[in-house]
Amino acid sequence: MILWRDELSVGFEAIDDDHRELVDIINRFEQDIGVAAARRTAQELNRFALHHFTREEAIQQACGYPAREYHRQQHAELMRQLERVSGALDEQARSDAGHGVPDMVSLVRRWILHHILQSDTLLKPYVAPHASLAEDRPAFVRVSTHRTIFYADVSVLIIDDVQFQRMIITRMLRSLGFTDVREAADGAAGLDSCVRSWPDLIICDIGMSPINGLAFLRMLQAEEKRQGAHPAPVVYLTGHNDSASVIEAKKLGAAGYLIKPVKITDLVRRIDSALVRFTSTHSGA
Ligand SMILES: [Fe+2]
């Protein structure tokens, strides 16, 4: 039986929750009596491991973890081993033999524990900036000597086709004190969300399809004009090698851009300057 302990924590809720679930399944595996029960648990373990590995790899990508290709190969190897265990259990069920089950359970336990302790914990420094709460920062920006904008009063829309990217930005914003944070998965859904309720600030990925971030801004600007809405600053999310889009975004009047993986210090700096600039430009405060 594996007991969850701090040593196993990667320090990122979504990954730690998955690892707890993996540990639970392995513990159940250990308690299974007979080949039939072990087969069911092995199948559950395969399904969950695949789901978790996919999720963890997406988080690694969003956090800019440099060794993710090597890590992906380890996951693929673990999946092959788990499939072999399932195959061996199927074989045992056919031949009515159950003697090898305890050995397989201890193998699986060793693989998973070894992977979490030796490989997953290497993620800690990369996921930490995305997991830590920014409790010591002021939850406001001073726009002028007379005007302060509290983050809790600012509604934010995040548009990105990668769910984990949205999740990471949402977590950062909430830790900074933003409470009204919405998400949309592409430009069309983003525009829909804007028209339903105009946000005060938009954080938008550039590379999305079918409507990319630049096309979204053009459509947004046309809609704002048509409805006489206050223009919302748009801060773009982009990769290192997309300078052409950044130049285009600036021409369109974007409030700034952030290079992925996004650091919370850059995020708050960019948001503050966007709020200051758009408030003074558009409301004369
Ligand atoms: Fe992993």
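How closely do the axes of helix H2 and H6 come, and at roughly what angle do they cross? The views below start with that pair. This is a predicted model, in which local features need pLDDT of at least 70, side-chain atom pairs count only at pLDDT 80 or more, and totals for chains, interfaces and linings use all residues. Residues are numbered from 1 along each chain as its sequence is written.

**View 1. Helix H2 (residues 35-63) against H6.** The two axes come within 9 Å and cross at roughly 60°. Axes are lines fitted to C-alpha atoms, for helices over the stretch in contact, and angles run from 0 to 180 degrees between N-to-C directions. H2 is therefore oblique to H6; angles under 35 degrees count as roughly parallel, over 145 as roughly antiparallel, 65 to 115 as roughly perpendicular and the rest as oblique. Helices (H or I, at least four residues) and strands (E, at least two) are DSSP runs, numbered from the N terminus. H2 passes H6 in a right-handed crossing; a crossing is left-handed if the near helix is turned anticlockwise from the far one by less than a right angle, and right-handed if clockwise. Ala 58, Ile 59 and Ala 62 of H2 meet Phe 164, Gln 165 and Ile 168 of H6, where contact means C-beta atoms, placed from the backbone, within 7 Å. The contact of H2 with H6 has 5 nonpolar, 1 polar and no charged residues. Here Ala, Val, Leu, Ile, Met, Phe, Trp, Tyr, Cys and Pro count as nonpolar, Asp, Glu, Lys and Arg as charged, and the others, Gly among them, as polar.

**View 2. Helix H1 (residues 13-31) packs with helix H4 (residues 101-118).** Their axes are 10 Å apart, at an angle of about 165°, so H1 and H4 are roughly antiparallel. H1 passes H4 in a left-handed crossing. His 19, Leu 22, Ile 26, Phe 29 and Glu 30 of H1 make the contact with Val 105, Val 108, Arg 109, Ile 112 and Ile 116 of H4. By class, these residues are 7 nonpolar, 1 polar and 2 charged.

**View 3. An open sheet is formed by 5 strands.** The order is S4-S3-S5-S6-S7, and the pairing is parallel; two strands pair if DSSP finds at least two bridges between them. S4 and strand S7 (256-259) each have a single partner strand, so one side of each is left without a neighbour in the sheet. Ignoring direction, neighbouring strands are turned by 20° against each other on average. Helix H7 (residues 187-196) packs on the sheet and touches S3, S4 and S5.

**View 4. Strand S3 (residues 155-159) runs parallel to strand S4 (residues 180-184).** They are joined by 5 bridges, and Ser 155 stands opposite Asp 180 in S4. From S3 the chain crosses through helix H6 (residues 163-176) to S4 in a right-handed β-α-β crossover. Right-handed means that, with the strands pointing away from the viewer, the path from the first strand over the helix to the second runs clockwise.

View 5. Most peptide bonds are trans.

Technical notes:
Contact = placed C-beta atoms within 7 Å.
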